[in-house]
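Student: I have a model to go through. Let us take the labels one at a time and ask what stands behind each.

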Amino acid sequence: MSLNATADIELSVDGYCTFSQIQALLPYRTLSNASQPTRLQALVMTRDVFAQINGMLDVLGYEIAVASANTTSIRILGRLNSLGSGAQIEASAYSAGNEVRSEHSVDLQEQFDNLMEQFAKGLISLPNAARKPSFIHRADEQEGSYRFHRPFGNEAGPTFTKNFNF
């Protein structure tokens, strides 16, 4: 059961997606109390992916969990959460005694990994999501700084000539 004592996913508490978003990625699988994996097991997997996403968001400086009222950011994170959860649910269905892996699970996992990588590289951000006052900036957000200094002399500007003496 979810953290709010219901049998469903509560946005920004249990995950950034709903079961219907996950179910849309798994059209030939129905999640119920009798399915393999069960709906409760799927909820646990969704929470795990939610925690992984929150770990990434923390490193990127976002306040976690992202408020469910921020619809654009929740849609982006919902897609990410549903891909990761769908990949795990589909893979777990193939885990017991099958010699082959689910190609669909592998495809969902690749999409999840690509989206996580785009976040890490700064190709995707969360519009209007709150950020912490002090956080480690991504490489694309950092600004270089420099200072030229000449010991025992005058400060010199960054002008280099053929005969410049370091």
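**Labels and their grounds**

Tutor: At 34% relative accessibility, aspartate 8 is partly exposed in this predicted model.

Student: What makes aspartate 8 partly exposed rather than buried or exposed?

Tutor: Buried needs under 20%, exposed over 50%. Aspartate 8 has 34%, so the label is partly exposed.

Student: How do you know that aspartate 8 forms a salt bridge with arginine 39?

Tutor: The closest N and O atoms are 3.7 Å apart. The cut-off is 4 Å, from a side-chain nitrogen of Lys or Arg to a carboxyl oxygen of Asp or Glu. The pair is therefore a salt bridge.

Student: Which parts of the chain does that pair link?

Tutor: Distant ones, 31 residues apart. Aspartate 8 sits in the segment before helix H1 (19-25), and arginine 39 is in helix H2 (residues 39-59).

Student: Why is the contact of lysine 132 and aspartate 58 called a salt bridge?

Tutor: Their side chains meet at 1.9 Å, N to O. That is within 4 Å, so the name applies.

Student: Where do lysine 132 and aspartate 58 lie?

Tutor: Lysine 132 is in the segment after helix H4 (103-121), aspartate 58 in helix H2. They are 74 residues apart, and this pair too links distant parts of the chain. Both fall between the 20% and 50% limits: lysine 132 at 24%, aspartate 58 at 35%.

Student: What makes glutamate 117 and lysine 121 a salt bridge?

Tutor: The closest N and O atoms are 3.0 Å apart, and the limit is 4 Å. Both residues lie in helix H4, four residues apart, about one turn of the helix. Glutamate 117 is partly exposed, at 40%.

Student: How many salt bridges does the structure hold?

Tutor: Five.

Student: Why is serine 35 called buried?

Tutor: Its relative accessible area is 11%. Buried means under 20%, so serine 35 qualifies. Serine 35 lies in the loop between H1 and H2.

Student: What does the side chain of serine 35 reach?

Tutor: The backbone nitrogen of serine 32, at 2.9 Å.

Student: How are two packed helices described?

Tutor: By the angle between their axes and the distance between the axes. For helix H3 (residues 71-93) and H4, the angle is about 145 degrees and the axes are 8 Å apart. The crossing is left-handed.

Student: Which residues meet between H3 and H4?

Tutor: On the H3 side, they include Ile76, Leu77, Leu80 and Leu83, along with Gly84, Gly86 and Ala87. On the H4 side, they include Leu108, Phe112, Leu115, Met116 and Phe119.

Student: What elements make up the chain as a whole?

Tutor: Four helices and zero strands. From the N terminus on, the order is α-α-α-α.

Student: How much of the protein chain counts as buried?

Tutor: Of its 166 residues, 34%. The accessible surface comes to about 10,600 Å², and 52% of that belongs to carbon and sulfur atoms.

Key: Residues are numbered from 1 along each chain as its sequence is written. This is a predicted model: local features need pLDDT of at least 70, side-chain atom pairs count only at pLDDT 80 or more; totals for chains, interfaces and linings use all residues. Side-chain values use heavy atoms; hydrogens and water are left out. Helices (H or I, at least four residues) and strands (E, at least two) are DSSP runs, numbered from the N terminus. Buried means under 20% relative accessible area, exposed over 50%, partly exposed in between (1.4 Å probe, protein chains only). Accessible areas come from the Shrake-Rupley method with a 1.4 Å probe; for residues, only the protein chains shown count as cover. A polar contact is a pair of N or O atoms within 3.5 Å; within protein, one must be able to donate a hydrogen and the other to accept it, and residues adjacent in sequence count only if both atoms are side-chain atoms. Axes are lines fitted to C-alpha atoms, for helices over the stretch in contact, and angles run from 0 to 180 degrees between N-to-C directions. A crossing is left-handed if the near helix is turned anticlockwise from the far one by less than a right angle, and right-handed if clockwise. Contact means heavy atoms within 4.5 Å.
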